[in-house]
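Please look over the model below, with attention to one of its sheets and to its pockets.

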Amino acid sequence: MSMAYEGIRIIDFTLLEQGPVGTQVLADFGAEVIKIERIDVGDILRGNRPIVNGVSTFFAACNRNKKSLSVNVKTPEGKEIIYKLVKMSDVVASNFRPGVMERLGFGWEELSKINPRIICAYASGYGQTGPYRDRRGQDLIAQAMGGLMAITGERNGPPTAAGTFVADFVGGMLLAQGIMAALAARERTGKGQVVDSCLLNTVVTLPIGEATSYLNAGQTYPRPYHGGCHSAFGPLYATYQTKDGKWLVIVGTYVDKELKRVFTALGVESDLPDDPRFQASADGWPDIGVGREAELRPMLEKAFSRMTREEALHRLEEQDILAAPVYEHSEVFSDPQILHNEMIQVIEHPVAGSLKLVGVPVKLSETPATLRLPPPTVGQHNEEILALLDYTGEQLRQLQQGGIIGSENLKG
């Protein structure tokens, strides 16, 4: 079975999460991704805890289906290896600060002379131009500056970051999107180009509806009240804790007689569903209870506290109220739908042994992603990659002895 990006070769200088996530997307769908790493040390993320049987789980998460070439790119011989690879590759990806690839001799101006079809894909903190181009980029900084933290958390509490490195991950996905678009354009033009993706733009785009509302209507969205999940909605769009100490989310909106159905499900006797203050707006917008959280939420909290999460979910479903459990990871990976979606993948790693990885989220019927290679050890594919460039055994030994490429595979 063919793969979507089979035949595409990517030279991957990326480190940590933002860049590696992006190149892994292409690798999953068939691209040959050659990860350029420092000799012995490799990607900084290799040292990130937890370490399981000698392998960082965070590194493993972002680097499957890739090959590793350990090379000293600051030497003339090391640069020559990269230039030879560029001649036979499609993409060079990096997520250094702007200017680093140029100083190494691997910027767009240099590489496009070697291969006019090459695509130089840059992931950075702020973009390749502008007043902040030379600043270091970081996930939390982008969450703060892009407006996401200001609308996350509780009204009377501090701005809150997402529970994971959302800017890095989505930024990686946007890097992949940019590479895909550039490859598609090259089919028409025959020419490569620069892809410029950054963390700041990623987070500015994440709350796209709220941002567009501000730009056109001056509408702002403060953080929601306690337990709420968005300030545009009231206590029917929120989290609640049940008798067994577990949590669920409720989306008691978008159905007729929303509050009445929720009260019926929870066994709450009250006249509030008939109160105009607790009905949908005349235009049908489901903002029930917005601004009246102090009156409505305690009633719902008390009702949820009298039943288990499973019972509450069952009763809400009977009333056609959308709700779901708030899963811990131990529950995520035992859910039957998640298992059906093959969101756990297992592969044998040369050091770690059996390694579980998160599956591919997007499924293609004819050219699906596959798990072909485990996350590589440093320099694992030196000999294989350099054989593509016609380096002989003696030349390889000389490069290893000169510290041009790593000799990790020769170590016991």
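Predicted model: local features only at pLDDT ≥ 70, side-chain atom pairs only at ≥ 80, totals over all residues.

Residues are numbered from 1 along each chain as its sequence is written, and side-chain values use heavy atoms, with hydrogens and water left out.

Helices (H or I, at least four residues) and strands (E, at least two) are DSSP runs numbered from the N terminus, and two strands pair if DSSP finds at least two bridges between them. An open sheet is formed by 3 strands in the order E9-E10-E11, with antiparallel pairing. Strands E9 (237–241) and E11 (322–325) stand at the edges with a single partner strand each, so one side of each lacks a neighbour in the sheet. E9 is joined to E10 (residues 247–251) by 5 bridges, and Thr 239 has Val 249 in E10 as its bridge partner.

Pockets were found on a 1 Å grid over the protein atoms alone, as open sets of points where a 1.4 Å probe fits, with protein on both sides within 12 Å along at least five of seven lines; lining residues have an atom within 4 Å of a point.

| Largest | about 1,300 Å³ | 41 residues |

Closest to the centre of the largest pocket are Ala 61, Phe 169, Phe 333, Leu 357 and Val 358. Helix H7 (166–189) and strand E13 (353–358) are among the elements that each supply at least two residues of this lining.

How values were computed:
Points joined across faces, edges and corners; volume = space filled by probe spheres on them.
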